[in-house]
Amino acid sequence: LETVSSSRFVAVTNSSVDYVKWSNGKKQQIENKYSLNVFKNQVGSVSAVVTGNNSSNNILILNKRGKQLASFDFDGPVSDITVYKKTIFILSDCYLFAFDFEGKELSPMKNLSSYGRIFALDKKSVVALGNFGLDKISIN
């Protein structure tokens, strides 16, 4: 369970993502296309749902009410994902990718071999957390 706003929470299972109103229990259900690999909620903003078999994945971006904002396929494992407005950053193995909501790649991939987590700062950069601390990584 995750809180997505003061009026809703989200329940994530292997087969669905359910946005539920605190007040009346009414829910918006999004069925997963494949098995759930990653769910990352950015409170008050969006949620990123990654389903697939870890080599071929579906990326789904939902608003705080559970409305689909983006959906596209991504070939490769997803270690972490973060969103800033309409830019989606994906850490896959040791590479950073940036996409728009249509699934168009925004920059060449960057090698981030010693990092395991990413957090979006703006549409052109992330903070990457790795073995040696935090670093700001910019895309072109």
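This is a predicted model: local features need pLDDT of at least 70, side-chain atom pairs count only at pLDDT 80 or more; totals for chains, interfaces and linings use all residues.

Begin at D100, whose side chain reaches the backbone nitrogen of K104 at 2.9 Å. You will find D100 in the loop between β11 (95–99) and β12 (110–111).

Now let's see where charges do pair. Side chains of opposite charge can pair when their charged atoms come close. How many salt bridges does the structure hold? There are three. One joins K27 to D18, with the closest N and O atoms 3.9 Å apart. D18 is buried, because its relative accessible area is 9%, and the cut-off for buried is under 20%.

Next, look at D80. K40 forms a salt bridge with D80, and their closest N and O atoms are 3.2 Å apart. K40 sits in strand β5 (residues 36–41) and D80 in strand β9, so this pair ties together parts that are 40 residues apart in sequence. Both partners are buried: K40 has a relative accessible area of 13%, and D80 has one of 3%. R117 meets D80 in a salt bridge too, at 3.0 Å from N to O. This pair links distant parts of the chain, with R117 in strand β13 (residues 115–122) and D80 in strand β9, 37 residues apart. R117 is partly exposed, with a relative accessible area of 37%. Put together, K40, D80 and R117 are linked in a network of salt bridges.

Let's turn to the nonpolar side chains. In soluble globular proteins, such side chains tend to be buried together. The largest nonpolar core here has 17 residues, and those touching the most other members are I59, I61, V78, I81, I88 and I90. Strands β6 (46–52), β7 (56–63), β8 (68–75), β9, β10 and β11 each supply at least two residues of this core. Apart from this core lies another, of eleven residues, including F89, L91, L112 and I118. For a close look, pick I90: leaving aside neighbours within four places in sequence, its contacts include I59, F74, V78, D80 and I118.

Aromatic rings come next. A pair of them is described by the distance of the centres and the angle of the planes. The count comes to five aromatic pairs. In one of them, the rings of F9 and W22 have centres 4.6 Å apart and planes at 45°, so the pair is tilted. F9 lies in strand β2 (residues 8–12) and W22 in the loop between β3 (16–21) and β4 (27–31), 13 residues apart. F97 and F99 form a stacked pair, 6.3 Å centre to centre with 20° between the planes. Both of these residues are buried, and F72, F74, F97 and F99 form one aromatic cluster.

Finally, visit two loops. Most residues other than glycine have a negative phi. K85, in the loop between β9 (80–84) and β10 (87–92), has a positive phi near 50°. D93, in the loop between β10 and β11, has a positive phi of about 50°. Are these two residues buried or exposed? K85 is exposed, at 64% relative accessible area, and D93 is exposed at 51%.

Conventions: Residues are numbered from 1 along each chain as its sequence is written. Side-chain values use heavy atoms; hydrogens and water are left out. Helices (H or I, at least four residues) and strands (E, at least two) are DSSP runs, numbered from the N terminus. A polar contact is a pair of N or O atoms within 3.5 Å; within protein, one must be able to donate a hydrogen and the other to accept it, and residues adjacent in sequence count only if both atoms are side-chain atoms. Rings of Phe, Tyr and Trp (its six-membered ring) pair if their centres lie within 6.5 Å; planes under 30 degrees apart count as stacked, over 60 as edge-to-face and the rest as tilted. Buried means under 20% relative accessible area, exposed over 50%, partly exposed in between (1.4 Å probe, protein chains only). A nonpolar core is a set of buried Ala, Val, Leu, Ile, Met, Phe, Trp, Tyr and Cys residues joined through side-chain atoms within 4.5 Å. Contact means heavy atoms within 4.5 Å. A salt bridge is a side-chain nitrogen of Lys or Arg within 4 Å of a carboxyl oxygen of Asp or Glu.
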